[in-house]
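Biologist: Could we go through this model together? I would like to begin with the pairing of strands.

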Amino acid sequence: MLKRLLVSACMMALAAGISGPKASAQNSPYTCANVSIFSIPQAGKNPPSVAGLNDQDTITGWFVSYKNPQDIGFVRYANGDLHSYSVPNSQNITMFGGINDQDQVVGTYSSNGFLKSGNTLTTIDYPGVPYTSALGINNTGEIVGSYSTGQMAGGFLYANNSYSSLVVSGAISTIPTGVNETGTIVGRFFTSNFDSQGFVYEAGQFTTVNYPGALNTNLGGINNSGLIAGSWSDAAGNGGGFIYANGEFRQVLVQGLQNPSVATINNKGDIAGSFISSSGLPTIFLGTGCN
């Protein structure tokens with residue numbers, strides 16, 4: 001699968017260094033007053049991937065159809081309407097990434113990144129490589145994502161019609177997933193043993209962000225207030241979601257949900273992610289009124 005290529009491909013080094021974690025303090029939990037949940041019938045028991053959440057509480061992501069092996073993008077609106085989308089001639093690969101407040105969606109089809117604005121689809125391809133995946137977009141139209149040459153892979157920022165490479169020194173894979181309107185970028189990178197670590201890229205500097213005691217840390221999104229949504233897992237199979245800001249972690253607790261995985265956050269502080277229901281069905285949640 002092309003999406004797995006970005007995880008296993010080797011990386012070039014970047015001049016910018018990477019510093020250690022800011023802090024590991026655990027504070028009061030991050031809770032939500034309201035929660036709505038939904039599943040995607042076409043996915044069956046295949047876990048969907050949540051990627052984007054705008055300020056209208058529109059959720060984007062993708063799932064693997066249980067009927068045949070194809071990746072399908074989805075948009076779920078705040079009123080409950082759910083739409084799936086496949087790019088024509090996409091070799092059964094359409095994955096939606098982030099969405100901004102203009103309802104512009106980025107994603108991946110076949111081996112190309114794209115920007116979908118209304119009915120217009122624009123290809124987003126990092127120059128000179130066979131594979132590009134667009135993963136996040138902010139309200140100014142800046143896009144982050146990943147690319148692969150087949151032998152190495154890296155992250156990128158696309159802004160003002162220009163691409164900038166983003167690669168953590170010493171990592172085997174760098175995957176930026178979110179960018180806010182101040183230009184702060186978050187994502188994850190993989191070490192040689194394929195464990196994932198979170199990163200924040202700001203003012204030309206990478207900073208690692210690892211949840212205390214976790215084997216894997218994934219940062220999914222960042223809002224304009226600097227709140228970062230992420231998830232963690234450890235060697236024993238435990239895991240959950242968190243909000244990270246100013247060097248401090250806050251565990252996400254959503255009433256009625258056990259250890260939800262948090263994928264993204266909007267400027268209101270609303271969050272979206274996934275969990276396994278009591279019946280074993282992968283389920284998506286939207287949490288609002290959170291603090």
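This is a predicted model: local features need pLDDT of at least 70, side-chain atom pairs count only at pLDDT 80 or more; totals for chains, interfaces and linings use all residues.

Biologist: How many bridges join strand 20 to strand 21, and in which sense do they run?

Modeller: Strands 20 and 21 are joined by 6 bridges and run antiparallel. They form a hairpin with 5 residues between the strands. In that turn, glycine 226 has a positive phi of about 90 degrees.

Biologist: And what does strand 21 pair with on the way to residue 245?

Modeller: Strand 21 pairs with strand 22, residues 239-245, in the antiparallel sense, again over 6 bridges. Tryptophan 232 stands opposite glycine 240 of strand 22. This pair also forms a hairpin, with 5 residues between the strands, and glycine 237 in its turn has a positive phi of about 90 degrees.

Biologist: Is strand 21 mostly covered or mostly open?

Modeller: Strand 21, residues 228-233, is mostly covered, as 5 of its 6 residues are buried.

Biologist: Let us turn to another hairpin. How many residues lie between strand 14 and strand 15?

Modeller: That hairpin has 2 residues between its strands, and asparagine 160 takes a positive phi near 55 degrees there. Strand 14 covers residues 153-159 and strand 15 covers residues 162-166; they pair over 5 bridges in the antiparallel sense. Alanine 159 stands opposite serine 162 of strand 15.

Biologist: I also noticed an open sheet. Which strands form it, and in what order?

Modeller: The open sheet has 4 strands in the order 4-5-6-7, with antiparallel pairing.

Biologist: What joins strand 6 to strand 7?

Modeller: Strand 6, residues 71-76, is joined to strand 7 by 4 bridges, and the two run antiparallel. Within strand 7, histidine 83 is the bridge partner of valine 75.

Biologist: A new topic: cavities. How many of 30 Å³ or more are there?

Modeller: The count is 1 cavity of that size, and the space in the largest cavity is about 280 Å³.

Biologist: Which residues lie nearest its centre?

Modeller: The largest cavity is lined by 27 residues, and those nearest its centre are Leu53, Ile99, Ile137, Val179 and Ile222. Several elements give two or more residues to the lining, among them strand 4, strand 8, strand 12 and strand 20. By class, the lining has 7 nonpolar, 17 polar and 3 charged residues.

Biologist: And how much space lies in the largest pocket?

Modeller: About 1200 Å³ lies in the largest pocket. Its lining consists of 45 residues, with Ser49, Val50, Trp62, Arg188 and Asn218 nearest the centre. That lining divides into 21 nonpolar, 22 polar and 2 charged residues.

Biologist: Now for some single residues. Is threonine 94 buried or exposed?

Modeller: Threonine 94 belongs to strand 8, residues 94-99. Its relative accessible area is 0%, which is under the 20% limit, so threonine 94 is buried. The side chain of threonine 94 reaches the backbone nitrogen of valine 87 at 2.9 Å.

Biologist: What about threonine 140, buried or exposed?

Modeller: Threonine 140 has a relative accessible area of 53%, over the 50% limit, so it counts as exposed. Threonine 140 sits in the loop between strand 12 (131-137) and strand 13. A polar contact of 2.8 Å joins its side chain to that of asparagine 138. Threonine 140 and asparagine 100 are 40 residues apart in sequence, while their C-alpha atoms are 8.7 Å apart in space.

Terms used. Residues are numbered from 1 along each chain as its sequence is written. Side-chain values use heavy atoms; hydrogens and water are left out. On a 1 Å grid over the protein atoms alone, a cavity is a set of points where a 1.4 Å probe fits but cannot get out, and a pocket is an open set with protein on both sides within 12 Å along at least five of seven lines; lining residues have an atom within 4 Å of a point. Grid points are joined across faces, edges and corners, and a volume is the space filled by probe spheres set on the points. Ala, Val, Leu, Ile, Met, Phe, Trp, Tyr, Cys and Pro count as nonpolar, Asp, Glu, Lys and Arg as charged, and the others, Gly among them, as polar. Two strands pair if DSSP finds at least two bridges between them. Buried means under 20% relative accessible area, exposed over 50%, partly exposed in between (1.4 Å probe, protein chains only). A polar contact is a pair of N or O atoms within 3.5 Å; within protein, one must be able to donate a hydrogen and the other to accept it, and residues adjacent in sequence count only if both atoms are side-chain atoms.
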